[in-house]
Amino acid sequence: MAKKTNKLGVALLGCLFLVIGLVAGFSAFTYMNIPKTDEVTVGEDVYYTNGDDIQNDKISLEDANMSVHFLELGNKYTGDCTYIKTDTCDILIDCGSKSNSIPYIKNYLDQYMTDGKLEYVIITHAHQDHYAGFATNENVDSIFDLYECENIITFSQTNQKETSKLYKNYLRELNDEINNGAKHFTALDCVNETNGASKEYEIGTGITLNILNSYYYNNKATTENDYSVCSLISYGSKNFLFTGDLEEKGEEQLVVLNKLPHVDLYKAGHHGSKTSSSETLMSVV
């Protein structure tokens with residue numbers, strides 16, 4: 001019996017080493033594929049598309065009246081950060097995924113911003129992967145610390161508790177920026193045009209930012225995602241739709257409450273998750 005027990009023990013030990021090896025190998029592979037450099041390379045030219053055809057023509061970003069940038073965030077975590085540059089304004093929609101993304105984002109923005117000012121900041125909702133860059137500890141510079149933010153448009157509601165560390169950090173950083181002169185409006189303020197807010201803002205020559213109406217700006221949602229601020233940027237006949245992490249029920253109401261146009265660019269809702277980009281919304285835009 002002793003010999004059989006020893007053989008069983010060796011077999012189990014071998015299986016254990018195999019499992020440990022597989023886990024270690026996977027961890028090493030994952031680690032090796034995480035970006036570790038602060039260097040960001042930006043090409044001098046960008047391709048543009050016209051309808052369904054990809055053109056070989058190039059335009060310089062310096063000559064473009066508007067460009068939209070979807071940022072990688074310097075770590076393995078999924079998050080949102082969209083930078084929009086026009087001929088007169090710099091706009092930031094969200095700033096995820098974690099606080100250690102901030103140096104990567106700053107390094108990228110500073111290649112295009114010369115005055116250290118974000119004319120418009122939109123924070124769609126209170127999930128870490130969308131607002132971590134605005135919710136740092138006191139000893140870490142947030143986006144609010146690094147840039148002058150002129151107008152800040154935020155979610156109207158949240159399920160977050162004020163005792164949550166991240167949310168407390170966000171409220172402190174936001175209030176500090178307001179005390180330093182920033183104008184702050186909720187999405188509901190914009191839709192109702194109250195407290196000095198507007199539904200529509202001119203963000204460039206012939207370019208407008210429209211804060212869309214959403215049912216969950218003033219109604220209870222079961223998911224934080226449905227509190228997302230939704231916006232439409234229009235540039236001549238071109239339209240660009242941003243819905244944060246809005247889910248299917250929210251999208252249904254978005255269609256009911258707004259006269260949505262066909263859009264040339266739709267930033268996939270909820271990172272392209274199956275909870276969003278519903279047929280109801282897609283059939284309209």
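Where in the fold does Thr243 lie? Select Thr243: this residue lies in the loop between β12 (238-242) and α7 (248-257). Helices (H or I, at least four residues) and strands (E, at least two) are DSSP runs, numbered from the N terminus.

Before going on, note the basis of the tour. This is a predicted model, in which local features need pLDDT of at least 70 and side-chain atom pairs count only at pLDDT 80 or more, while totals for chains, interfaces and linings use all residues. Residues are numbered from 1 along each chain as its sequence is written, and side-chain values use heavy atoms, with hydrogens and water left out.

**Stop 1: Thr243**

Keep Thr243 selected and show its surroundings. Thr243 has a relative accessible area of 0% and is therefore buried; buried means under 20% relative accessible area, exposed over 50%, and partly exposed in between (1.4 Å probe, protein chains only). Leaving aside neighbours within four places in sequence, Thr243 is in contact with Ser228, Val229, Cys230, Leu254, Tyr266, Lys267 and Gly269. Contact here means heavy atoms within 4.5 Å.

**Stop 2: Thr223**

Next, select Thr223, in the loop between β10 (207-211) and β11 (231-235). Is Thr223 buried or exposed? With a relative accessible area of 17%, Thr223 is buried. Leaving aside neighbours within four places in sequence, Thr223 is in contact with Asn159 and Glu247.

**Stop 3: salt bridges**

Side chains of opposite charge can pair when their charged atoms come close. A salt bridge is a side-chain nitrogen of Lys or Arg within 4 Å of a carboxyl oxygen of Asp or Glu.

- Select Asp90 and Lys85, whose side chains meet in a salt bridge at 3.2 Å, N to O. Asp90 is buried at 5% relative accessibility, whereas Lys85 is partly exposed at 23%.
- Select Glu173 and Arg172, which form a salt bridge at 3.2 Å, N to O. Glu173 is buried, with a relative accessible area of 4%, and Arg172 is partly exposed, with 22%.
- Select Asp264 and Lys238, joined by a salt bridge at 3.6 Å, N to O. This pair links distant parts of the chain, 26 residues apart: Asp264 is in the loop between α7 and β13 (265-267), and Lys238 is in strand β12. Asp264 is partly exposed at 47% relative accessible area, and Lys238 is partly exposed at 36%.

**Stop 4: aromatic rings**

A pair of aromatic rings is described by the distance of the centres and the angle of the planes. Rings of Phe, Tyr and Trp (its six-membered ring) pair if their centres lie within 6.5 Å; planes under 30 degrees apart count as stacked, over 60 as edge-to-face and the rest as tilted. How many aromatic pairs does this rule give? The count comes to eight.

Select Tyr215 and Tyr216: their ring centres are 5.0 Å apart and their planes stand at 90 degrees, so the pair is edge-to-face. Tyr215 is partly exposed, with a relative accessible area of 34%, whereas Tyr216 is buried at 10%.

Then select Tyr131, Phe155, Tyr167 and Tyr170, which form one aromatic cluster.

**Stop 5: Lys98 and Tyr77**

Finally, select Lys98 and Tyr77. The charged end of Lys98 sits over the ring of Tyr77, 4.6 Å from the ring centre. A charge sits over a ring if NZ of Lys or CZ of Arg is within 6 Å of the ring centre and within 35 degrees of the ring normal.
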